[in-house]
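Reader: I am new to this structure and would like to get to know it step by step. Could you take my questions one at a time?

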Amino acid sequence: MIYTITLNPCLDYIMDLDEFESGIINRSKSELVLPGGKGINVSQILQELGVKNTAVFFSASFTGKYLEQVLKEKNIETKSISIDKGFTRINVKVRSGYETAINAKGPEISDSSLDELFNYLKSIDEGDIIVISGNIPPGLKENIYEEIIANSKKRGAEFVVDATKSALTSVLKHRPFLIKPNHEELGEILDVEINNFEDAIDGSRKLQLEGARNIITSMGAKGAVLITEDGEVFIAESLKGDVKNTVGAGDSMVAGFISGYYHMKNYEKAFALAVAAGTATAFSDTLAKGEEIKRLEKGINIQRL
C-alpha cells in the first residue's frame with residue numbers, strides 16, 4: 001500500500017478576476033474550491049494513474065469535513081485524524097493575469113492527535129511506501145518528519161520525502177527511496193546556485209553522499225534531472241506548451257515517479273512518467289488528468305548520460 005501523509009492539508013479557494021486592485025472591493029467572475037496540500041496532491045495524481053493509495057491527514061472543523069468528502073468522492077481512501085481546535089486551513093488564490101496567493105498557517109496539532117497518527121502508522125507493513133511532503137503545522141517539532149520515518153523504517157517501509165531545508169536534510173541519514181527538491185531548494189540546502197543540469201547533478205550527488213538514494217531535481221522550464229541509487233544519470237528537457245499552473249506540478253512529478261516505478265520497476269520509465277505528470281499539471285488549470293499524463297508521456301525524451 002502507498003500512504004501519503006499531509007500534516008497541514010488545505011482547501012484551495014481560487015478566484016478568477018478580470019483585474020485585481022488592492023484597497024477596493026474586487027468581484028470575481030468565477031470561483032473554485034479544490035483539495036490541497038502536497039501529500040493530498042500526490043494522492044490525487046496517484047488515483048488518476050490507477051494506483052490505490054491512502055491519504056493520511058489531520059482534519060479540523062467544517063473545512064476538514066469538506067476535504068474528507070471531496071477525497072471520498074474521488075474514490076481516494078482516507079485516514080483523517082480529528083483536531084479539536086481551529087479548522088483545516090483555506091488558502092486563497094486570486095488570479096487576474098497573474099496569481100496572488102495567501103496561505104494560512106493552519107491549526108495547531110495536539111499531542112493526542114499526534115499520538116493517534118503514530119498509532120495508525122503501526123499498521124504499516126514491509127514494502128509499503130510512505131510519502132511525506134509539505135510544510136509542518138504549528139505546534140509540531142521541526143524533526144517530526146524524521147520521527148515518522150524512523151518509526152516507519154523499523155517496519156520495513158520505503159519512504160519518499162518532498163520537503164525543504166532541515167525537514168529534508170534531517171531524514172537523509174535514513175536513506176529515503178526518493179527526494180524531489182527543485183533547483184532553488186537544492187541550492188538553498190547546499191548554499192550554492194543551481195543554474196543548469198551540471199549544477200543539479202553535482203548537488204544531487206552531494207545529497208546522495210548524505211544518504212538519499214534516488215533524487216529528482218526539477219529545473220522549471222529547463223526540465224529535470226534524475227540520479228539513481230545505481231549511479232545512473234537521466235535528463236529530461238521540458239516540453240513546449242502553455243504553462244497555466246505551477247501549483248502541484250512538483251507533487252505530480254512525485255506521484256508519476258512512484259506510479260511508474262510501482263508498475264514497471266524501471267527508473268528511466270518512472271522518470272518519464274514523472275516528467276509527463278509534472279508537465280501535464282503545469283499545462284492544466286488544476287491537477288492533471290490521467291489521460292493527459294499518458295498522452296504527454298509519449299513525447300518525453302529522456303537522455304542517459
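Reader: In which strand is Ile90 found?
Author: Happy to start there, and please keep in mind that this is a predicted model. Ile90 is one of the residues that make a nonpolar surface patch of about 540 Å², together with others including Tyr13 and Phe62. The strand that holds Ile90 covers residues 89-95 and is β6.

Reader: Is Ile90 buried, partly exposed or exposed?
Author: Buried means under 20% relative accessible area and exposed means over 50%, with partly exposed in between. The relative accessible area of Ile90 is 32%, so Ile90 is partly exposed.

Reader: And is Ser96 buried or exposed?
Author: Ser96 is found in the loop between β6 and β7. Leaving aside neighbours within four places in sequence, Ser96 touches Leu17, Asp18, Glu19 and Phe20. With the cut-off for buried at under 20%, the 13% relative accessibility of Ser96 makes Ser96 buried.

Reader: Which residues have the most contacts inside the largest nonpolar core?
Author: Nonpolar side chains tend to be buried together in soluble globular proteins. Here the largest nonpolar core has 43 residues. Leaving aside neighbours within four places in sequence, Leu117 is in contact with Leu7, Val56, Phe58, Ile81 and Ile148. The residues with the most contacts inside this core are Leu7, Leu117, Tyr145, Ile148 and Val161.

Reader: How far apart are the end C-alpha atoms of helix α7?
Author: Helix α7 has 14 residues, which at 1.5 Å a residue should span 20 Å. The model agrees with that expectation, because the end C-alpha atoms are apart by 20 Å.

Reader: Which elements do the buried residues of α7 pack against?
Author: The buried residues of α7 are Phe197, Ala200, Ile201, Gly203, Ser204 and Leu207. They pack against β10, α6, β11, β12 and β13.

Conventions
Residues are numbered from 1 along each chain as its sequence is written. This is a predicted model: local features need pLDDT of at least 70, side-chain atom pairs count only at pLDDT 80 or more; totals for chains, interfaces and linings use all residues. Side-chain values use heavy atoms; hydrogens and water are left out. A nonpolar core is a set of buried Ala, Val, Leu, Ile, Met, Phe, Trp, Tyr and Cys residues joined through side-chain atoms within 4.5 Å. Buried means under 20% relative accessible area, exposed over 50%, partly exposed in between (1.4 Å probe, protein chains only). Contact means heavy atoms within 4.5 Å. Patches are made of residues with over 30% relative accessible area and no salt bridge: like charges are joined within 9 Å, nonpolar side chains (Val, Leu, Ile, Met, Phe, Trp, Tyr) within 5 Å. Accessible areas come from the Shrake-Rupley method with a 1.4 Å probe; for residues, only the protein chains shown count as cover. A salt bridge is a side-chain nitrogen of Lys or Arg within 4 Å of a carboxyl oxygen of Asp or Glu. Helices (H or I, at least four residues) and strands (E, at least two) are DSSP runs, numbered from the N terminus. The expected span of a helix is 1.5 Å times one less than its number of residues.
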